[in-house]
Amino acid sequence: MQPAPAPAPDADTQRASARVQLPEVEVDLPVIVGTEDEHAVDISRFRDKTGYVTLDPGFGNTAACKSAITYIDGEQGILRYRGYPIEELAETSTFVEVALLLIFGELPTKERLERFRGMLTDEQLLHEGMRYHFEGFPSHGHPMAMLSAMINACGCYHPELLSSEMDDERLLRATATVMSKVCTIAAFSYKMTKGQRMEYPDPSLSYCRNFLHMMFSKPHRRYDPPLQVVRALTKFLILHADHEQNCSTSTVRMVGSSGANVFASVASGVCALWGPLHGGANMAVIEMLQEIQAGGDDPKTVVAKVKDKKFRLMGFGHRVYKNFDPRSKILEKTCTELFDVLGVSDPLLDTARELASIALTDDYFLERKLYPNVDFYSGIILRALGIPLNMFTVMFSIGRVPGWIAHWYELYGDPDRRICRPRQIYTGAGKREYVPMDARRC
Ligand code: SDX
């Protein structure tokens with residue numbers, strides 16, 4: 001089964017045209033209409049026709065591609081993977097099933113799912129040569145640095161997946177390799193920083209249960225969490241699996257557009273996700289809540305400081321969602337369910353809810369359409385699962401791997417694929433003559 005290719009312009013997607021009037025020229029440009037009636041002006045010939053380029057810092061107004069993978073309606077707070085609402089997938093699906101849906105476009109049959117699970121098991125172990133890389137990292141090394149380095153290093157041990165020739169079978173193998181290896185790498189990184197013996201994967205366990213085993217089992221005591229803990233991790237990973245053209249996924253597409261292999265492309269996504277404005281926000285939210293808990297400012301004072309632009313309310317706001325991020329609603333509910341099962345509580349959840357209730361009734365946030373995003377509650381779940389703070393963005397990465405691979409492959413299969421090479425508006429010095437060293441004056 002071939003993955004669903006990106007939609008090519010056809011009678012259904014290309015309608016009418018937009019007339020653009022510039023000082024020196026008037027031009028008609030094609031209008032592209034997406035499945036959910038999003039409209040775009042196709043400017044792929046704009047410079048040829050007008051001599052102008054367009055400028056859009058942060059790409060807030062620019063569609064980089066057509067994609068059939070994920071749909072977000074930021075105004076309505078809608079998120080669907082291949083047409084399936086995120087609420088249904090989070091409640092009823094497994095992370096491996098969602099990964100196959102994102103990459104291949106359809107929910108897998110039982111047989112296909114079982115075969116893929118077998119491939120995941122085959123790929124769980126790292127080449128023993130990779131263990132020596134871990135021994136070279138300092139124990140205080142950041143797990144995100146280790147993750148990006150080790151994912152790229154996988155390319156040294158899987159030359160058969162470096163080829164730019166990808167077919168269905170090779171993609172399945174590449175997907176299983178990356179999805180399995182990131183779990184083993186993450187767990188080994190954690191054990192290494194704790195000075196503990198690495199726990200090898202157990203082929204008899206499901207994807208999520210196996211990860212928790214590698215993270216928390218010890219030689220004298222096997223970690224066997226209750227089903228609800230496994231379901232909480234499953235939901236966390238499903239909710240992070242894809243989010244259309246976010247910063248890290250756009251990075252993966254940018255790198256993949258040069259023909260770079262799947263390891264290099266996914267490793268670049270890990271690096272982009274690390275930033276505190278993106279995937280690093282889940283750590284920043286907890287640090288912010290801990291600061292409040294530690295007798296710092298109370299939530300009302302925090303909100304006042306945010307409004308004075310002294311800092312940003314981490315876990316709030318989104319480039320696309322101008323309503324609730326549907327993921328944050330599911331994650332908040334998951335916090336409550338998990339705490340009920342574990343018989344625990346976390347004062348940070350109370351503080352988070354108090355912050356949200358203040359912000360969501362304050363005009364500063366309402367005018368700017370700032371609502372809790374995926375990162376606002378996700379860290380509280382990770383704390384309850386025992387995941388250390390410096391691994392929160394690693395967990396986001398594990399969740400996002402299927403989305404990165406799905407977009408990398410969609411780009412690869414796109415008949416209109418071109419290397420990504422944006423233009424710029426130059427604002428530097430005009431032409432100058434070289435000045436010899438002894439003639440230079442500061
Ligand atoms: C993720 O793209 C994705 O899909 C990402 C993601 C995914 O799944 O891949 O959803 C995951 O990265 C979620 C976002 C996690 N980041 C944070 O929580 C960091 C805090 N949020 C912000 O820094 C910000 O909201 C961004 C980065 C998420 C979005 O920034 P934008 O779209 O560039 O918005 P902006 O900076 O232009 O802000 C617009 C206004 C400004 O005020 P004014 O200048 O108009 O007065 O809103 C304000 C900003 O100051 N603002 C905030 C704020 N976010 C925006 N004010 C206070 N707190 C905030 N968090």
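**Note on the ligand site, rings, cysteines and selected side chains**

1. A polar side-chain atom of N373 lies 3.0 Å from an oxygen atom of the ligand. Taken alone, the ligand exposes 1,100 Å², and the protein buries 77% of that. These areas come from the Shrake-Rupley method with a 1.4 Å probe; for residues, only the protein chains shown count as cover.

2. On the model itself: this is a predicted model, in which local features need pLDDT of at least 70, side-chain atom pairs count only at pLDDT 80 or more, and totals for chains, interfaces and linings use all residues. Residues are numbered from 1 along each chain as its sequence is written, and side-chain values use heavy atoms, with hydrogens and water left out.

3. Which residues come nearest to the ligand? They are H243, K309, H318, R319 and R327, out of 23 residues around the ligand. A residue is near a molecule or strand if one of its heavy atoms lies within 4 Å of it. The side chain of H243 has an N or O atom 2.6 Å from a ligand oxygen. For H318, an N or O atom of the side chain is also 2.6 Å from an oxygen atom of the ligand. A polar contact is a pair of N or O atoms within 3.5 Å; within protein, one must be able to donate a hydrogen and the other to accept it, and residues adjacent in sequence count only if both atoms are side-chain atoms.

4. Next, the rings. The structure holds 13 aromatic pairs. Rings of Phe, Tyr and Trp (its six-membered ring) pair if their centres lie within 6.5 Å; planes under 30 degrees apart count as stacked, over 60 as edge-to-face and the rest as tilted. F188 and Y200 form an edge-to-face pair, 5.7 Å centre to centre, with 70° between the planes. This pair links distant parts of the chain. F188 is in helix 7 (residues 168-194), while Y200 is in the loop between helix 7 and helix 8 (207-216), 12 residues apart. Helices (H or I, at least four residues) and strands (E, at least two) are DSSP runs, numbered from the N terminus.

5. Is F188 buried or exposed? F188 counts as buried because its relative accessibility is 1%. Y200 is at 34%, so Y200 counts as partly exposed. The cut-offs: buried means under 20% relative accessible area, exposed over 50%, partly exposed in between (1.4 Å probe, protein chains only).

6. F316 and F365 are also worth a look. Their ring centres are 5.9 Å apart and their planes stand at 75°, so the pair is edge-to-face. The pair links distant parts of the chain, 49 residues apart. F316 sits in the loop between helix 13 (299-307) and helix 14 (326-342), and F365 in helix 16 (residues 363-367). Both F316 and F365 are buried. Ring pairs join F316, Y364, F365, F376 and Y377 into a cluster.

7. Two arginines lie over rings. R368 lies over the face of Y364, at 3.7 Å from the ring centre. The charged end of R112 sits over the ring of F104, 4.6 Å from its centre. A charge sits over a ring if NZ of Lys or CZ of Arg is within 6 Å of the ring centre and within 35 degrees of the ring normal.

8. C183 is buried, with a relative accessible area of 4%. C208 is buried at 5%.

9. T70 lies in strand 4 (residues 70-73). At 10% relative accessibility, T70 counts as buried. The side chains of T70 and D242 are joined by a polar contact of 2.5 Å.

10. T109 lies in the loop between helix 3 (95-104) and helix 4 (110-122). T109 counts as partly exposed because its relative accessibility is 44%. A polar atom of the T109 side chain lies 3.1 Å from the backbone nitrogen of R112.

11. S217 is in the loop between helix 8 and helix 9 (227-239). S217 is buried, with a relative accessible area of 1%. The backbone nitrogen of Y223 lies 2.8 Å from a polar atom of the S217 side chain.
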